[in-house]
Every structure is written in structure tokens, then in C-alpha cells.
Amino acid sequence: MKTFQKQISLKPKSRGFHLVTSEIVSQFPEIGEIQQGIFQVFIKHTSAGLTINENADPTVRDDFESHINKMVPENQSYYRHTFEGSDDMPAHIKASLMGTSVQIPVTNGKLNLGTWQGIYLCEHRNHGGSRKLVLTLMGT
């Protein structure tokens with residue numbers, strides 16, 4: 001069994017849901033060495049998350065942003081953790097709802113995603129900056 005691990009940085013993104021599959025894969029060519037395995041992507045932040053969903057129609061990502069903002073609104077009187085602004089505590093809640101990692105099968109040197117699936121960076125801060133990911137690949 002082979003194991004590879006590396007930390008990468010994603011370019012800063014605006015608030016919203018961003019398809020980052022290509023950006024991740026381009027920084028991890030070792031995927032091509034695995035015929036059968038598992039690829040894990042972990043984000044090292046508490047105000048952004050990861051998920052897998054629709055990769056073709058960008059309105060899906062817009063709808064995600066609209067819906068999660070209604071689920072977890074800013075400027076609530078009960079938020080106490082607001083030191084970094086009105087998006088601070090909502091960003092932490094949204095990140096926990098979305099999750100910090102995704103796992104994807106690798107088959108014949110490629111991510112074995114469904115036809116319409118892609119990896120999203122869920123950026124919940126107005127000015128989140130560059131995001132660090134730890135990529136781990138295990139397989140044969």
C-alpha cells in the first residue's frame with residue numbers, strides 16, 4: 001500500500017460555495033499512481049467547510065449560499081462570539097454544519113466522483129483568505 005500526504009493552500013475565495021476539484025487535483029499528481037484507494041481532503045479552518053455536490057450548474061452553489069444564510073443568519077442578539085465581525089459566529093456554525101472533510105474513492109488514477117459531483121469549498125467569511133487543506137491518499 002502507498003500513502004501520500006501533503007498540505008496545499010487554495011487561492012482566497014469570496015464568500016460562497018466554490019467548486020475546487022480541479023484546484024485540488026492539480027496540486028496532487030500522486031493520485032495518478034493509485035489504481036484503487038481512498039482520497040481524503042481535510043480543511044484546517046473553523047470558518048469554512050467542505051462538501052461534495054453538483055458540479056455543472058453554478059446556480060446550485062448560489063442556492064446553497066442563500067439557503068444556509070437563512071438557516072444561520074448574521075447579527076443575532078444571542079451571538080456572543082462576534083469579535084471578528086457579524087460573520088464570525090455564523091461562519092463557525094455553518095462550517096460545523098458542512099463539515100471539515102470529504103472522502104472520495106480513487107479508481108485507475110482518478111477521483112471516482114459521480115458524473116455531476118465536485119468538491120466545494122464552503123467559504124463562510126466575507127474575507128476568509130487562503131485556506132489550507134491536508135490531502136491524504138492511500139491505496140495500491
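Tyr79 is buried in this predicted model, with a relative accessible area of 12%; buried means under 20% relative accessible area, exposed over 50% and partly exposed in between, with a 1.4 Å probe and protein chains only. Tyr78, by contrast, is exposed at 56%. The rings of Tyr78 and Tyr79 have centres 5.0 Å apart and planes at 70°, so the pair is edge-to-face. Rings of Phe, Tyr and Trp (its six-membered ring) pair if their centres lie within 6.5 Å, and planes under 30 degrees apart count as stacked, over 60 as edge-to-face and the rest as tilted. Residues are numbered from 1 along each chain as its sequence is written. Because the model is predicted, local features need pLDDT of at least 70 and side-chain atom pairs count only at pLDDT 80 or more, whereas totals for chains, interfaces and linings use all residues; side-chain values use heavy atoms, with hydrogens and water left out.

The structure holds five aromatic pairs. One of them joins Phe28 and Phe39, whose ring centres are 5.4 Å apart and whose planes lie at 45°, so this pair is tilted. Phe28 belongs to the loop between α1 (21-26) and β3, and Phe39 to strand β3, eleven residues apart, so that the pair links distant parts of the chain. Phe28 is buried at 1% relative accessibility, and Phe39 is buried at 0%. Ring pairs also link Phe17, Phe64 and Tyr120 into a cluster.

Helices (H or I, at least four residues) and strands (E, at least two) are DSSP runs, numbered from the N terminus. Two strands pair if DSSP finds at least two bridges between them. Strand β3 (residues 36-43) runs antiparallel to strand β5 (residues 101-107), and seven bridges join the two. Within this pairing, Val41 stands opposite Val102. Seven bridges also join β3 to strand β8 (residues 131-139), again in the antiparallel sense. Here Phe42 has Val134 of β8 as its bridge partner.

An open sheet of three strands has the order β2-β7-β4, with antiparallel pairing. Its edge strands, β2 (16-19) and β4 (48-54), each pair on one side only. From one strand to the next, the twist averages 35°; axes are lines fitted to C-alpha atoms, for helices over the stretch in contact, and angles run from 0 to 180 degrees between N-to-C directions. Seven antiparallel bridges connect β4 with strand β7 (residues 117-123), and Asn53 stands opposite Gly118 in β7.

Helix α2 (residues 58-71) lies across β2, β4 and β7, at about 150° to β2. Helix α3 (residues 88-98) packs on the sheet as well, touching β2, β4 and β7, and its direction makes about 45° with that of β4. Contact means heavy atoms within 4.5 Å.

With 14 residues, α2 reaches 20 Å from its first C-alpha to its last, close to the 20 Å expected at 1.5 Å a residue; the expected span is 1.5 Å times one less than the number of residues. The buried residues of α2 are Arg61, Glu65 and Ile68. They cover an arc of only 80° around the axis, which puts them on the same side of α2; the arc is that of the directions from the helix axis to the C-beta atoms. These buried residues pack against β2, β4, α3 and β7. Pro58 also lies in α2 and is partly exposed, at 43% relative accessibility.
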